[in-house]
Amino acid sequence: MLTLWRLWLVAVLGLLPALATASSEAPQLLEFEHRNLRSGEVTDLTHLAGQPVVMMFFEPDCSWCIKQARILDKLQQQQNNSFIPVMLGVHGNRLALKRALFDLGVSLPAYQASRALEREMGGIPATPILLVADKQGHYLRYFRGLTTPEQLIPLLSSTPKPELAGLQQ
């Protein structure tokens with residue numbers, strides 16, 4: 001019995017270095033370039049590093065996206081701007097996404113999502129989808145569907161480990 005316990009302990013301790021490097025291998029989300037829906041400028045989001053970032057994918061004619069955008073806007077105000085919500089439009093041309101942005105009724109930063117990011121995610125099957133990044137812009141979590149403040153607050157106030165499997169859903 002003691003021998004089995006020692007073997008198990010050695011196996012677990014052997015895995016610790018691999019687990020420690022997993023967070024450093026999390027995808028960098030802020031380096032993808034997106035087209036700003038208001039100015040038309042193409043830029044990455046690296047200037048947002050320093051605070052957690054919540055990227056919300058939205059599309060035209062999505063009533064759930066309107067609800068999610070308003071939740072993010074209100075949560076940002078309640079959390080004293082301790083994170084940055086960013087809107088990423090998909091499944092529409094620039095004009096349709098600008099109209100959808102108007103329907104969202106929030107003044108959050110908004111971009112037409114990078115095709116490269118969409119490919120990295122394996123496509124955007126439906127919206128809203130949220131990607132949460134840590135202060136350095138590394139991927140932490142993926143949410144599909146309406147996400148509550150209670151689900152987001154723990155991710156925005158601490159440094160949880162990334163769920164790498166969640167990015168390729």
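The views show a predicted model, in which local features need pLDDT of at least 70, side-chain atom pairs count only at pLDDT 80 or more, and totals for chains, interfaces and linings use all residues. Residues are numbered from 1 along each chain as its sequence is written, and side-chain values use heavy atoms, with hydrogens and water left out.

View A. An α-helix has 3.6 residues a turn, so residues three or four places apart point the same way. E118 counts as buried because its relative accessibility is 12%, whereas R115, at 57%, counts as exposed. Buried means under 20% relative accessible area, exposed over 50%, and partly exposed in between (1.4 Å probe, protein chains only). Helices (H or I, at least four residues) and strands (E, at least two) are DSSP runs, numbered from the N terminus.

**View B. The buried face of helix α5.** In α5 (residues 149–156), the buried residues are L152, L155 and L156. Seen down the helix axis, they fall within an arc of 90°, so they line one face of α5; the arc is that of the directions from the helix axis to the C-beta atoms. These buried residues pack against β3 (53–58), α2 (63–78), β6 (129–133) and β7 (139–144), where contact means heavy atoms within 4.5 Å.

**View C. D134 in the loop between β6 and β7.** D134 is buried yet has no salt bridge. The nearest side chain of opposite charge, K135, is 9.6 Å away; Lys and Arg count as positive and Asp and Glu as negative, while His and the chain ends are not counted. A polar atom of the D134 side chain lies 2.8 Å from the backbone nitrogen of H138. Leaving aside residues up to four places away in sequence, D134 touches Q51, P52, V53 and L140.

**View D. G89 in strand β4 (residues 84–89).** With a relative accessibility of 1%, G89 counts as buried. Residues up to four places away in sequence not being counted, G89 touches F58, L97, Y111, Q112 and A113. H34 is 55 residues from G89 in sequence and 9.6 Å from G89 in space, C-alpha to C-alpha.

Definitions and conventions
Salt bridge = Lys/Arg side-chain N within 4 Å of Asp/Glu carboxyl O. Polar contact = N/O pair within 3.5 Å; in protein donor to acceptor, adjacent residues only side chain to side chain.
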